[in-house]
Amino acid sequence: MARKLHLSEALAGARRRTDELFALLAPDALYDRPIPERHRNVFYLGHLEAFDGNLICRGALAMPSFHPEFDKLFEFGIDPPLGRLPEDQPADWPSLTEVRSYNTRVRHAVDRALEQGDAPEQLWHVAIEHRLMHAETLAYMLHNLGPRRKITPPGIVTQTEGPAISPAMLEVPAGAATLGRERGNGFGWDNEFDVHTVATPAFAMSKYKVTNGEYLAFVQSGADPPHFWTKHNGNWFQRTMFGAVPLPLTWPAYVTHQQATAYAKWIGKQLPTEAQFHRAAYGESCAGGAVGQGSAVGQGGTDDRFMSSVEQRRLSRAADSPAANLNFASWDPIPVTASPAPGFAQLVGNGWEWTSTVFQPFPGFEPFPFYPGYSANFFDGDHYVMKGASARTAACFLRRSFRNWFRPDYPYVYAAFRCVDN
């Protein structure tokens, strides 16, 4: 009964997050396409319920469909290369009334299935986390809409500048990085398994994410500006969720993997590997619960298999820390100097971090039988692993084994980076 209540509350909370996002849309913006390569907003309104219904009601419980056409229409999103644009028109999509009616019926069916307890618990975690992933995806999509296409909530405060940074490289000793997750120890997506270690030579990594101020010098040398920047009357601004502000020099620079790689090369460094990120974030003796000089414990993120109860409490506090900027803490970045930690700052929070690691399966990878393409479709050599979290990343993704990934030229995501010396 307690597990059922927990899942019910988690699903309700995830629904509130996505409902709040759709409520930000101006009345006539439902059929807008904020990102040229992706679906219109109306697709995502139907997709979240269609996914839950197809996974739970049709897939696990073999319940008959009351609307097969919508089940299929809203089933899958798209991930085309930049420039390959869909050609559908607003008139090709159902009306708002039709979609909302469909959503209401699906939610009722899903809620009945949860109350009856017939579907495997793993599928409920898939449904909840899938929705929370879209809570972040929808945020950066709506970020791409003009301010007049959104309704600004009351009380929005943007923390624009912080203390100037003093760039520093912190040493990380050689050792084993523990990647992945042990099967049978809680929920994880298929690409998180199996747990394994990677021998990692000593390296140095920047204490802070690369800032707008640092990246500005690269732009002034001739590089292209980040997607989130705009220029007016010779001055640079950053497009926030609900407007634009003079470029905050101490915010992390949100860039593509290609831009991050080019910047690192420009200053004679590299992007960290996935294993190096783990070494910096979770310390030397992860499996024993110890933490190293660059630990992210206390900054927000780890896997409870490797934590003591004290560290779990520290993580819980960190998830609500304004200095971390995660778990829907804000709509925009905050200064990289907001964190008072003596080691690496904001390894988890305030922007995902690009790595140089191509997204590929871990040893022992097994695709989900009910969702075989979730990861496998992206093991194509054209997606790179990101670690950490952004301001719009839900707390459930702070486990150390979670992996995010995107194309190297994808400019819309809240993706920062830092550099290493090998």
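**A guided look at a predicted model**

Guide: Let's start with asparagine 404, which touches Trp352, Tyr384, Val385 and Met386, leaving aside residues up to four places away in sequence. Please keep in mind that this is a predicted model.

Visitor: What makes you say that asparagine 404 touches Trp352?

Guide: A contact needs heavy atoms within 4.5 Å, and Trp352 is among the residues that asparagine 404 touches. The C-alpha atoms of asparagine 404 and tryptophan 352 are separated by 8.4 Å, and the two residues lie 52 residues apart along the chain.

Visitor: Why is asparagine 404 called buried?

Guide: Its relative accessible area is 14%. Buried means under 20%, so asparagine 404 counts as buried. As for its place, asparagine 404 sits in strand E10, residues 404–406.

Visitor: How much of the protein counts as buried?

Guide: Of its 422 residues, 56% do. The accessible surface comes to about 17400 Å², with 54% of it belonging to carbon and sulfur atoms. The protein has ten helices and twelve strands. Among contacts with a separation of 6 or more, 78% join residues 24 or more positions apart.

Visitor: Which residues of H6 are buried?

Guide: In H6 they are Asn212, Tyr215, Leu216, Phe218 and Val219. These residues cover an arc of only 160° around the axis, so they lie on the same side of H6. Their packing partners are strand E5 (229–232), strand E6 (235–240) and H7. After H6 comes glycine 222, with a positive phi near 125°.

Visitor: And how do you know that the buried residues of H7 are on the same side?

Guide: In helix H7, residues 257–266, the buried ones are His257, Gln259, Ala260, Tyr263 and Ala264. Their arc around the axis is only 160°, which puts them on the same side of H7. Their cover includes helix H6 (212–220), strand E8 (351–358) and strand E9 (384–389). H7 is followed by glycine 268, whose phi is also positive, near 80°.

Visitor: Why are H6 and H7 called roughly perpendicular?

Guide: Two packed helices are described by the angle between their axes and the distance between the axes. For H6 and H7 the angle is about 80° and the axes are 11 Å apart. Angles from 65 to 115 degrees count as roughly perpendicular, so H6 and H7 are roughly perpendicular to each other. The contact is made by Glu214, Tyr215, Ala217 and Phe218 of H6 together with Gln259, Ala262, Tyr263 and Trp266 of H7.

Visitor: What makes E1 and E12 edge strands?

Guide: Three strands form an open sheet in the order E1-E4-E12, with antiparallel pairing. Strand E1 (169–172) and strand E12 (420–421) are the edge strands, as each pairs on one side only.

Visitor: How do you know that E4 and E12 pair?

Guide: Strand E4, residues 203–206, and E12 run antiparallel and are joined by two bridges. Pairing takes at least two bridges, so E4 and E12 meet the criterion. Within this pair, methionine 205 stands opposite valine 420 in E12.

Visitor: Which helix packs on the sheet, and which strands does it touch?

Guide: Helix H8, residues 274–282, does, touching E1, E4 and E12. The direction of H8 makes about 75° with that of E4.

Definitions and conventions
Residues are numbered from 1 along each chain as its sequence is written. This is a predicted model: local features need pLDDT of at least 70, side-chain atom pairs count only at pLDDT 80 or more; totals for chains, interfaces and linings use all residues. Side-chain values use heavy atoms; hydrogens and water are left out. Buried means under 20% relative accessible area, exposed over 50%, partly exposed in between (1.4 Å probe, protein chains only). Helices (H or I, at least four residues) and strands (E, at least two) are DSSP runs, numbered from the N terminus. The arc is that of the directions from the helix axis to the C-beta atoms. Accessible areas come from the Shrake-Rupley method with a 1.4 Å probe; for residues, only the protein chains shown count as cover. Axes are lines fitted to C-alpha atoms, for helices over the stretch in contact, and angles run from 0 to 180 degrees between N-to-C directions. Angles under 35 degrees count as roughly parallel, over 145 as roughly antiparallel, 65 to 115 as roughly perpendicular and the rest as oblique.
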